Amino acid sequence: MNRMIFPMLALLATALSACGNGSVDESDADVTPSTPAVNFKPGAQGGRTVKPQGPVSIAYKIIGTPIVGQPVGVDLQVQSTLGPQPITLSYRVNDSTAMEFAASQEARVSIAASDDDGPSVQQVQVVPLREGRIFLNVSATIETEDGTMSTVTAIPIQVGAALRETTENGEVMTDENGELVRSLPANEN
Amino acid sequence: MIVLRGRLALTALSLVAMAACGGGKGGNNNSGNQGGGPVLTVSGTVNYEFVRPNANCNGLNLDAPVLRPIRGATVQLLGSSDAVLGTTISGEDGSYVFTNIDANTMVRLRVRAELKQQGAPSWDVEVRDNFDDSGNPPPLGSRPLYVADGSLFNIGSSNASRDLTATTGWGGSSYTGARAAAPFAILDTIYTAIQFVLSADATANFPALDVFWSVNNTATVSGDLDAGELGTSSYFTGLQELFLLGDADSDTDEFDDHVVLHEWGHYFEDAFSRSDSRGGAHNIGESLEAALAFGEAWGHAFAAMALDEPIYCDTGPAGSSGGFSLSTETGNFGVPGWFNEWGIATVIYDLWDTDDDGSDNGSIGWGPIYNIMTGPQASGDAFTTVFSFAAELRAALNAQGQAFIDSQLARENIVSGNGLDIWASNETNNAGVAQDVLPLYTDYTADGSVLNVCMNNQLDGLTRDGNNVGEDRYLRISVPLTDEYDVVMAATTPTPATADPGDRDQSDPDFYIYDGPQELIRGWSSDDNLETARTPTLQAGTTYIAFLEEWRFQDVDGAPASFPSRMCFDVSFTPTP
C-alpha cells in the first residue's frame, strides 16, 4: 500500500467509531476529528510534522443535510488530553447573515468531568440562513496549572451545493523574468 | 559553564546584510544613468505590520498592529513597464537605497517575499501562494511569489524618499483589504531564526526552503494542497516545504510566530540535523512515541530560543478570542517523561535560558545544543529521542554542566546521570502503560530466531493517530553474519473479520530498518497480517535499528471499532541461503 495517502485524507469525514464511550450512539459513525489532515504515515520522503493541537480534542458530526431555514444539529465529542476535567464550550457564528443559533441553543455550555477516559458528547443546533460553506466556531476551555487554555475549532457546515468560497488576495502577474508573482498593494509615504 | 546567548550574532549578520546592500543598487542593477543628466537616489524603508496576540493568547490584537522592518528581503526598483531598474537587500532597519537613477523617471518599489544570500553563510527562502484552482497548476516551487508593490511615481529632479508598508488588510471586524503583511511577517520570523542559527555557526548554509501561505489555506479540510486544504500548518520532511494556515474563518498562523518557528524547527532538523519522527497529530499533554515527542519538543524549544520568548501562543480564527498559550519555561501538561513533548521542550529551553525559574538556575547556551543537534544527534546509531540528545549532550559537558542537565531531566522524570544512554537502557518511566512500552529498544539477534513483540493503543484518543507510547516498537538488532536477511513480521493476535466488507479488519504490520540515520529498507505493503522484505547486506558487528508498527492503529477511515487494541507479532531476521 502506498502510505503517501495525502489524497485520501479528503475522505477523512469517516468513521471514528472507536471512541470508546458508551454514550456515543453507534449510528454516529461519521465523526470528523477537528484535526483532519494529520494522520498519515511518511512517504518515501519522510513524514509530515504538524503544529500541536491544544489539550482538548474535538470531533464532530453534522446530523442530516443542512437546509436553509431549518435547524441542523452538530454532534460534538470533546475530550481533554489532560485527563477527566470540566470543559466549557462556547459557540460562535462568524457571519450572522449566514447562520444563527436555534432559539433554544445556549452559546455557552459547561461540561462536567467525565466518569471515564472517553469523550463527552454535546449537540449544537444552528439554522443556516443561506447556502455555502458556513463556519461554526467551537471554543473549548479548560483550567490548567498554567491558567485557562482555549482551543477553537472551526466546523464547516456545507449548505446546498455551493462550492467552498475562496478569497482573492492581490493579483497574480508575471515579472520581468517570467516568474509568477502575487502582487499585494502596499501603503507608501 | 558555557554562556553563549543568541543575539551575539546580530552584529555579524548585520554586517553581512549591509555588505549585500552595498549602499545602493544590487548586483543586477540594469539601469544606471543613461541620459547623462542629473542622477538621483531613491531611498527609504520597507516595513510590515505585525500583529501580537491579546493577553493570554485570546486571539490576535488586530486593531493594534506594530510596525516592523522587513529585514534582509529583496527590494526592487521597477520602471513604468515593470523593468527592474535596481535590486538591493533591505537592511536590519528595513532601509534601502537606490542610486544613480535618472531624474524624472517613473518608478515604483517592489519588495519580494524572499531572503537570498549566497556564499557562506547562505540561505534561500521564498514565500509563495500554493492555492491554485485553475485545474492545471504549475509545480509548487513555481507558484506565485508574494511581492508588496508600491505605486508608480515620478522621481522628479531631486532625491526621493519612499517608505513602503505591507499592511494587514484588517477592517475592524474582518479582513477587507489585501493581506500584504502576512507573507512578510512569516519571512521576517524566519529571518530571526536564521540569525539565531548563525549565532552558533556564522557560515551555515541553509538549504532552500519554500514556504507556502494563502488566505485560502484552511484548517477545516485536508487533502488537496492546491485547494489550500492543509488541515493544519505543517512541514514536509525531506521536501523542505513549509505550509501555513491563512484562512481567516478557520485559523491563521502568519502572526503566530511560535507556530512558524516550531515548523521551521522541523526544517532545521531536516536541513542540519535529523529527525526520525513519523510526524502526524499530537495534542498537548499526550504521551507520545519517543521520536515524535522529541521532534515536537525541539520545535517548541527552538521557537522559544530563537524568539527569546518562552510563551508559545497559537491563535485561532481571525477576530476570535480563541487561542492557547503554553510556557516553555514552566509549562507542565500531562504525564512527565520522555514521551511528553512539552516536558522535553522545557528541558531544552531551560538548558539554554538564563532565567532562574526555581528548578533551572543555569545555562549551557545555544552553542553546545547546536553542536549536538548537528553532530551526534544527526549521525547516531539510535533513533532521535530525548535519550540520544541528552546522552550526547551530557557527554560533551563538564561536571557542572552534567549536573545541570541531570537536574532538568530528573525534573521531567527522565532517566539521568550515569544511567542515561542513547538507548534508554535504564529508563523506568512507562507513562502509566503497563505493557508494550519498555524497554524502549527490544534487543534482537538476527539469527533466524523468532521474537514476539506487542503493541497497544491504550492511550490513543479521539484523533486515533497511532502516535502514542506503546503503539510502535523499536528494535536494536545485532547481526552475527554479514549477509542479506529475510525479515518477517507476522501477526499472532487474531483479527476476526467483521460483517462489513468495507472494513479493513485484518492486521497491517509495517517495519522500517535503519543503519543509524540511513533507512535501509521498509516493509509497508498492505498485505493482511504479514509483512516481509529482504534487507541489503547487513554487516556483522554493526548495530541496526528497526521501527515496527500496526498501521490499523491509525487507519481511522478503515479499521473497525472492533479491531483489537493490542496486537502481537512474530518478528524474525533470517540470513539468506
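# Close-up views of a predicted two-chain model

Chain A averages a pLDDT of 76, and 75% of its residues score at least 70. Please keep in mind that this is a predicted model.

**Figure 1. Confidence along chain A.** Which elements of chain A mark the two ends of the mean pLDDT scale? Strand E1 (residues 32-33) of chain A has the lowest mean value, 58, while strand E12 (residues 180-185) of chain A has the highest, 98. In residues 1-29 of chain A, pLDDT stays under 50, and the model has 58 contacts beyond four places in sequence for this stretch. Residues 35-45 of chain A also stay under 50; here the model has 45 contacts beyond four places in sequence.

**Figure 2. An open sheet of five strands in chain B.** Reading across this sheet, the order is E20-E22-E27-E24-E25 (chain B), and the pairing is mixed. Why is one side of strand E20 (441-445) and of strand E25 (518-523) of chain B left without a neighbour in the sheet? Both strands stand at the edges and each has a single partner strand, so one side of each has no neighbour there. On average, neighbouring strands of this sheet are turned by 25 degrees against each other, direction ignored. Within the sheet, strand E22 (residues 472-478) and strand E27 (residues 543-550) of chain B pair in the antiparallel sense over seven bridges. In that pair, B:Ile477 stands opposite B:Tyr544 in E27(B).

**Figure 3. Helices H5 and H9 of chain B.** Two packed helices are described by the angle between their axes and the distance between the axes. For helix H5 (residues 341-352) and helix H9 (residues 399-411) of chain B, the axes come within 9 Å and cross at roughly 150 degrees. An angle over 145 degrees counts as roughly antiparallel, so H5(B) is roughly antiparallel to H9(B). The crossing is right-handed. Which residues meet here? From H5(B) come B:Val347, B:Asp350 and B:Leu351, and from H9(B) come B:Ile405, B:Gln408 and B:Leu409. The residues of this contact divide into four nonpolar, one polar and one charged.

**Figure 4. Where chain B touches chain A.** How many residues does each chain bring to the contact? Chain B gives 89 residues and chain A gives 75. Among the elements that give two or more residues to chain B's side are strand E8 (145-149), helix H3 (257-272) and helix H4 (290-307) of chain B. The largest share of that side, five residues, comes from E8(B). The residues on chain B's side divide into 29 nonpolar, 39 polar and 21 charged.

Figure 5. Strand E13 (residues 187-188) of chain A and E11(B) run antiparallel and are joined by two bridges. Look for A:Glu188, whose bridge partner in E11(B) is B:Leu164.

Key:
Residues numbered from 1 in each chain as written. Chains lettered and ligands numbered in written order. Predicted model: local features only at pLDDT ≥ 70, side-chain atom pairs only at ≥ 80, totals over all residues. Pairing = 2+ DSSP bridges. Helix = DSSP H or I, 4+ residues; strand = E, 2+ residues; numbered from the N terminus. Axes fitted to C-alpha atoms, helices over the stretch in contact; angles between N-to-C directions. Contact = placed C-beta atoms within 7 Å. Nonpolar A, V, L, I, M, F, W, Y, C, P; charged D, E, K, R; others polar. Parallel < 35°, antiparallel > 145°, perpendicular 65-115°, else oblique. Left-handed = near helix turned anticlockwise from the far one by under 90°. pLDDT = per-residue confidence, 0-100.
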